[in-house]
Amino acid sequence: IPGAECFWDHVHFNFDGNFRLASGLADEVVSVIPERSRATSQSQPRNLTQEECATRPALTDWDRRLVLERMCRRVHEPPFTQQLDHEKRIQLWSELLVDLKQMTGPKDLTRAIGVYRKALDRRNDDWLLHHRLAFLLEATGDFAGAEQHWRRVLELIPGFPDALFKLGDMSARESRFIEAEERYSQVLEL
């Protein structure tokens, strides 16, 4: 029976669980795709490794930490508090969070930025990569870089409230109050 190696909780897959599920289904999914729609290749197609699957969407230890922090907040609310293994899960996640915090120091975040930039080299039109990189750059204090990626998110998804709000924050931080007010007003109009 799958447990903590595959699930965050009773129903939400972690990355390992998602990878195992996808790997188990990949050949079956490919088999139902019409021949004309499949990628053409001289060699036999192969499934990506788990590392390749983590690299393409720029899944870093910083991202894993954010997910775990979110799950830790969630697990303190019903229905999680009523589960039999609640205290054990809290302990396990607390230990994992300590480990992830140690793996997300300044040098590690610099490496994570590199992972994002490499992923964006492959898919510069991926709004979610820009969105996540903007948060990461903010966390490192690179507000100008973050603003650039929030602007790119807004180019890709005009009117996106998160990007408008964060651009308002960036403008206010730089004492560009009229621009900040305009961005915040756009969010309120949505």
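Predicted model: local features only at pLDDT ≥ 70, side-chain atom pairs only at ≥ 80, totals over all residues.
The phi of Ala-58 is near 60°, a positive value in a residue that is not glycine. As a general point, most residues other than glycine have a negative phi. Ala-58 is also buried, with a relative accessible area of 0%.

Ser-175 sits in the loop between α8 (161-173) and α9 (177-189). With a relative accessibility of 49%, Ser-175 counts as partly exposed, because exposed residues need over 50%.

Now look at the loop that joins α3 (61-74) to α4 (86-102), where you will find Pro-79. The peptide bond leading from Pro-78 to Pro-79 is cis, and its omega is near 10°. Most peptide bonds, by contrast, are trans.

From here, move on to α4 itself. Its 17 residues reach 24 Å from the first C-alpha to the last, close to the 24 Å expected at 1.5 Å a residue. Which residues of α4 are buried? They are His-86, Arg-89, Ile-90, Trp-93, Leu-97 and Leu-100. These residues cover an arc of only 95° around the axis, so they lie on the same side of α4.

What do the buried residues of α4 pack against? Their partner is α3. On the face of α4 turned away from this buried side, you will find the exposed residues Glu-87, Lys-88 and Gln-102.

Key: Residues numbered from 1 in each chain as written. Heavy atoms only, no water. Helix = DSSP H or I, 4+ residues; strand = E, 2+ residues; numbered from the N terminus. Buried < 20%, exposed > 50% of the residue type's maximum accessible area, 1.4 Å probe, protein only. Expected span 1.5 Å × (residues − 1). Arc of directions from axis to C-beta. Contact = heavy atoms within 4.5 Å.
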